Amino acid sequence: MPLAALTILLPLASFAILAVFWPIRHTGRPAAWLSTLTAVASFVIALLVLRDVAPMGAPPELWTMPWLVHGGRVIAEVGFRVDAVSASMLVVVTCVAACVQVYSLGYMSHEPKPALGRYYAWHSLFIVAMAGLVLAPNLLQLVAGWELVGLCSYLLIGFYWAKPSAGKAAVKAVWVTRFADIGLMCGLVLLYVETGGFAWEGFSWANPGASELVAALLFLGVMGKSAQVPLHVWLPDAMEGPTPVSALLHAATMVAAGVFLVVRCWPLFEGAETLLVAMSWIGAITALVAAITASVQTDIKKVLAYSTCSQLGYMVAGLGSGEMLGGYFHLTTHAFFKALLFLGAGSVIHAVHSNEMGEMGGLRKKIPLTAALFAIGTFALAGFPGLSGFFSKDLLLEEVAHGGQWGPLAILLFVAGLTPFYMMRVYCLVFLGEPSEKSNHAHESPLVMLAPMALLAIPAAVLGFGAGSFGELLGHEYHFAVTPVGAAATVAGLLGLGLGYAKFGMGQLASLELPGLAAFVRSGPIDNAWRLCWERGLLPVARNVGWFDRYVVDGLVNFSGWITLEAGDRIRRLQTGSAHDYLYAAALGAVLIAVAGVVGGVLA
Amino acid sequence: MTGPGLDAYLFLAAAMFAIGLFGVLSRRNLLAVIVSVELMANAANINLVAFSRFGVHPWGQALALFALALTVAEVVVGLALVILVSRTHGSLLAGSLRDLKE
């Protein structure tokens, strides 16, 4: 069994202990420490695994055992596959998970003890699920992990279950992703039918047309999990969960599972040209729509949620270029700086006890460390030259340009300017300006919350310089060079930062207001469109089907029951119970048989 | 060979069977019903003996003897039932036995 297996088994042990032995779970902090220790251990092991892993192209380290066996034939295996893709993703997942768990020790410290134990049990389960997904040797295990992270998402969004909105958001997340998973399941079944297995490489298609269809069906699932327009509606609502959960699941890792699936199954997607073009457009439109929506939100977590959505669109558009390195590298850097931003937002919320940016302001002096760390995240996301987001965005846009997809490229360049604009808006509204009443009572978060943020800030800042070795690991040459596209993105980014600061930091540029658009975007047009689909489309159909079921199907069933009862009631009267009546009937029968025999004989 | 022919025996048997059937259907008293059933059974025995006598197969007479023995056994059971019925119902009228209906 490879070393990487421990990254699953340790959290699994922690989850099992916390799940089964409820007295331990109810101790609260010790339970939290148990879970956190396994998470940190997983991170250390993942680093060791990454250190030793061979670059892409070398045969992967495989450890499997038969799972589904039918008639002596192994249908699917379960186990671990350690190669460059899984090892790098494993580090991202475990690093963010470990940081978030340490951070939660401070952020969730006011929770009741049993709730804290429950929270950490689910966090452990999440690492198990996510590592199982990442290390999956075949698509079936990947989908099993996929479903498990979905379950963790549901449980953790609904952590404050006493709040009706949290429960609704949890259910909504399940509904939307499940709807998209219909496509994933169909793709999985089709893959098995066509190739007789669940592998993503190492076979040839008997029917070449099916390969693109499989990829397209799998991509439907990706659209749900990675919140692509129009299936992104669950992600902003998922912010009902605790902020560290948003950082881990709904920013860094779980929502990136969709993008990871595309990277993992790259041999399936690589040749699907039509699908790749569609992916570029869907990703670009998602990036644009979500960025516009993020610009008008007043809730700090909602801004970050839409920003996540937008960046996931970036990744999908990057993968649509036909090269996977840019999308995957952006996933990696995004995981770090977006987790950092969410933890920063959590630190702010922890300080002022509000999500509304209107109630914040001037926090830079009150909580300077959080402000500094948040600024690193902001500038990394904005693509400020030198920070990680700059390199990954540059690489991604370069690939899109190389793929010749000019429409998506133009949209992505515009979003490259819009992203710094709305992030600057957040920074100005929260940290600059006049302190609000709530800001005056703010206190800096404890070290247990700041330390993980500082740890995340390191890769968020400097990971970009690792782009070359990252590309080497994945078998792609990459050297940073100044190109027209990269320059345009950088200019757009700086322009966005400048405009954002001018508007929200200095109160200039009143003409930049678009009240009509803002009101329209805030009203949630896509949510409303779904609601309309439901009310006008699904509900009438459901009503008619319901009518048919109640009156026709149930009617037939009830009629057969009624006729049986009625007939029984009538026929019962023939049974008098008197032996003589039966004898009469027997004699009559004998006479009838005799008559029939005679008549039959005469006729014959 | 003198005496009545096969037809005469068969007519006798048919008449006895018809009388027995009539008795079973018309009499209300269980004892009379049992006697009528005996008549019907003996009508069948007459047929067996008659066919045997007129050369179909000699074993018919043996079969008639067996049938007689069985009839006796049946009557024993029947009479025992009649006694039980008279004890539990206090009457021997077949019309009063409607327990099957309930």
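Q: Does A:Met1 count as buried or exposed, and at what relative accessibility?
A: This is a predicted model. A:Met1 lies in the segment before H1 of chain A. Exposed means over 50% relative accessible area. A:Met1 therefore counts as exposed, at 58% relative accessibility.

Q: Which helices of chain A each supply at least two residues of the nonpolar patch?
A: The patch covers about 610 Å² of surface. Its members include A:Met1, A:Leu9 and A:Val44. The helices asked for span 6–20 and 29–52 of chain A. They are H1 and H3.

Q: Which residues have the most contacts inside the largest nonpolar core?
A: That core has 195 residues. One of the residues asked for, A:Phe269, touches A:Leu261, A:Phe219 and A:Met279, among others, not counting residues up to four places away in sequence.

Q: What is the bridge partner of A:Trp63 in E2(A)?
A: Strand E1 covers residues 61–70 of chain A, and strand E2 covers residues 73–82. They run antiparallel, joined by nine bridges. The partner of A:Trp63 in E2(A) is A:Phe80.

Q: Which residue in the turn between E1(A) and E2(A) has a positive phi?
A: The two strands form a hairpin with two residues between them. In that turn, phi is about 60° at A:Gly71.

Q: How many helices are there in chain A?
A: Chain A has 604 residues, and 53% of them are buried. Its C-alpha atoms fill a box of roughly 115 × 60 × 55 Å along the principal axes. There are two strands in the chain, and the helices number 26.

Key: Residues are numbered from 1 along each chain as its sequence is written. Chains are lettered from A and ligands numbered from 1 in the order in which they are written. This is a predicted model: local features need pLDDT of at least 70, side-chain atom pairs count only at pLDDT 80 or more; totals for chains, interfaces and linings use all residues. Side-chain values use heavy atoms; hydrogens and water are left out. Patches are made of residues with over 30% relative accessible area and no salt bridge: like charges are joined within 9 Å, nonpolar side chains (Val, Leu, Ile, Met, Phe, Trp, Tyr) within 5 Å. Accessible areas come from the Shrake-Rupley method with a 1.4 Å probe; for residues, only the protein chains shown count as cover. A salt bridge is a side-chain nitrogen of Lys or Arg within 4 Å of a carboxyl oxygen of Asp or Glu. Helices (H or I, at least four residues) and strands (E, at least two) are DSSP runs, numbered from the N terminus. Buried means under 20% relative accessible area, exposed over 50%, partly exposed in between (1.4 Å probe, protein chains only). A nonpolar core is a set of buried Ala, Val, Leu, Ile, Met, Phe, Trp, Tyr and Cys residues joined through side-chain atoms within 4.5 Å. Contact means heavy atoms within 4.5 Å. Two strands pair if DSSP finds at least two bridges between them.
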